[in-house]
There are 2 protein chains.
Amino acid sequence: MTFIEALKHRWQQANSLVCVGLDPEPAKFPAKFTNDPDAIFAFCRDIADATAEYVCCFKPQIAHFAAHGAESALERLIAHIHATHPGIPVILDAKRGDIGSTAQQYAAEAFDRYQADAVTANPYLGRDSVQPFLNRADKGVVILCRTSNAGAGDLQDLSIHADGNTRPLYQHVAEKVAGEWNGHGNCALVVGATWPAQLREVRAIVGEMPFLVPGVGAQGGDVEAVVKNARTTDGTGLVVSSSRAILYASGGDDYADAAAHAARTLRDQINRYR
Amino acid sequence: MTFIEALKHRWQQANSLVCVGLDPEPAKFPAKFTNDPDAIFAFCRDIADATAEYVCCFKPQIAHFAAHGAESALERLIAHIHATHPGIPVILDAKRGDIGSTAQQYAAEAFDRYQADAVTANPYLGRDSVQPFLNRADKGVVILCRTSNAGAGDLQDLSIHADGNTRPLYQHVAEKVAGEWNGHGNCALVVGATWPAQLREVRAIVGEMPFLVPGVGAQGGDVEAVVKNARTTDGTGLVVSSSRAILYASGGDDYADAAAHAARTLRDQINRYR
């Protein structure tokens, strides 16, 4: 089953568009992890196990492991999710982008070493830099389009003139991905929850392509506006990612229950507007 | 000493603008490394030791380590370079870019974990995504402007209209970096050797800012055109990076001598046109 097929299956099976972003920050872990040398793995595993029922995807963010030298924890975490929660795809959030021969190495890192089902990628270097990811037809390639941060517009909103049209850069990226890069049907786009109008515009360009939507929760994106502007005709099409608001819902011993509650609450909130 | 100061010092001291890109590909290693479990470290160390005399910088490319789970080799390699060849800055080629809180983690990865002196960064997410790197005033931030690959133009050449001007996106990036992002004076730009005309245009925009120039050697960039179009008024300003043509100059037991010869030859070739 390809990443996109698995995602569609899971949207239905779990009746959820929620993605839990696994961004471990040891300083925020409950006290019980203080002297645990494998705290990053153990905390993320507990969160994954507690929230699996309510999610369509998990999305570990690689910098949060790499900064602590915790590559082994990331490998074991993804293996644990595959073994314990089969059918839930894992998106490795790495935002990679480099020239072709190096992009091959990044594809090997994400798909062969970490066994991720999809990876996030940056389009600035052009199509050939993404091609080694695109060539893996069973894997997903989630390309940055309009990100959720305050500075996103610095480049992404620039007015560009190409192919006889004038429009913001992020819309050009959306059209290139949908029209030219998606030959294997394995592309998705990152469009931030903090920009509901842009979500609607990108949806109009790319049809039913899945969106990874960061920015609800701690970043302030409005769930109703996200769902109403960005869902596909069947009420899916979205991977709504929340990290901090779920992972650190409680700093106490009830962290796993609190995370489960936060994930379920977000799922239900989303489903109200689908 | 900051990265930029160290680089300027090294340009003079070594009379060299050459950077050796450390992109280990075990399949290309000489036969003596076949059964060496630490081959990635050992090969790169030998190359660094053999070429140090002829370089202004080393530039390990992180994907070539990560694909093989060789983070420890990368840590030890950079530590070895700092200990054995003090004064030669190390640029970690990682092309990172993410929202602010995650960019903090990437800055920790590059500068604290790996002890790199500079890191390459992708500008697509905007200034706030680069800010955690920029804030490290002693470290260098080498921002992608016009890359060396064939698909570079897909986004970077798009004609954009901003601030009353119409120009290619890469020129807009150059102007933003020089005019707004370089408050600590720690920025540099990636401009590929395969585009001599663009090198000249970017040099006109950013004054004396250092360029990291990949694309000579295996990628076919012309040394004379690079130097004449992109040097600063004092005949420096360039970090001309070559990887495969130096690392794999010989596949035999003379790999280190062959690498040294290739690095010296490139240095002399560059110096002819400075």
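Colleague: What is the bridge partner of S159(A) in β6(B)?

Modeller: In β6(B), S159(A) has H161(B) as its bridge partner. Before we go on, this is a predicted model in which local features need pLDDT of at least 70 and side-chain atom pairs count only at pLDDT 80 or more, while totals for chains, interfaces and linings use all residues. Residues are numbered from 1 along each chain as its sequence is written, chains are lettered from A and ligands numbered from 1 in the order in which they are written, and side-chain values use heavy atoms, leaving out hydrogens and water.

Colleague: How do you know that strand β6 of chain A and strand β6 of chain B are joined?

Modeller: Two strands pair if DSSP finds at least two bridges between them. Three bridges join β6 (residues 159-162) of chain A to β6 (residues 159-162) of chain B, so the two strands count as paired. They run antiparallel. Strands here are DSSP runs (E, at least two residues) and helices are too (H or I, at least four), numbered from the N terminus.

Colleague: What makes β7 of chain A and β7 of chain B edge strands?

Modeller: The open sheet has four strands in the order β7(A)-β6(A)-β6(B)-β7(B), paired antiparallel. Each β7 (165-168) pairs on one side only. Neighbouring strands are turned by 30° against each other on average, direction ignored. Helix α8 (residues 169-181) of chain A packs on this sheet, touching β6 and β7 of chain A (contact means heavy atoms within 4.5 Å), and makes about 110° with β7(A). Such angles run from 0 to 180 degrees between N-to-C directions, with axes fitted to C-alpha atoms, for helices over the stretch in contact.

Colleague: Why is the pair R113(A) and E71(B) called a salt bridge?

Modeller: The rule asks for a side-chain nitrogen of Lys or Arg within 4 Å of a carboxyl oxygen of Asp or Glu. R113(A) and E71(B) meet at 2.8 Å, N to O, so they qualify.

Colleague: How much area is buried between chain B and chain A?

Modeller: About 4,200 Å², of which carbon and sulfur atoms give 55%. Buried area is the accessible area (1.4 Å probe) that two parts lose on being put together, summed over both. In chain B, Q105(B), Y124(B) and L155(B) lose the most area to chain A, together 17% of what that side buries.

Colleague: How many residues does the contact take from each chain?

Modeller: It takes 54 residues from chain B and 54 residues from chain A.
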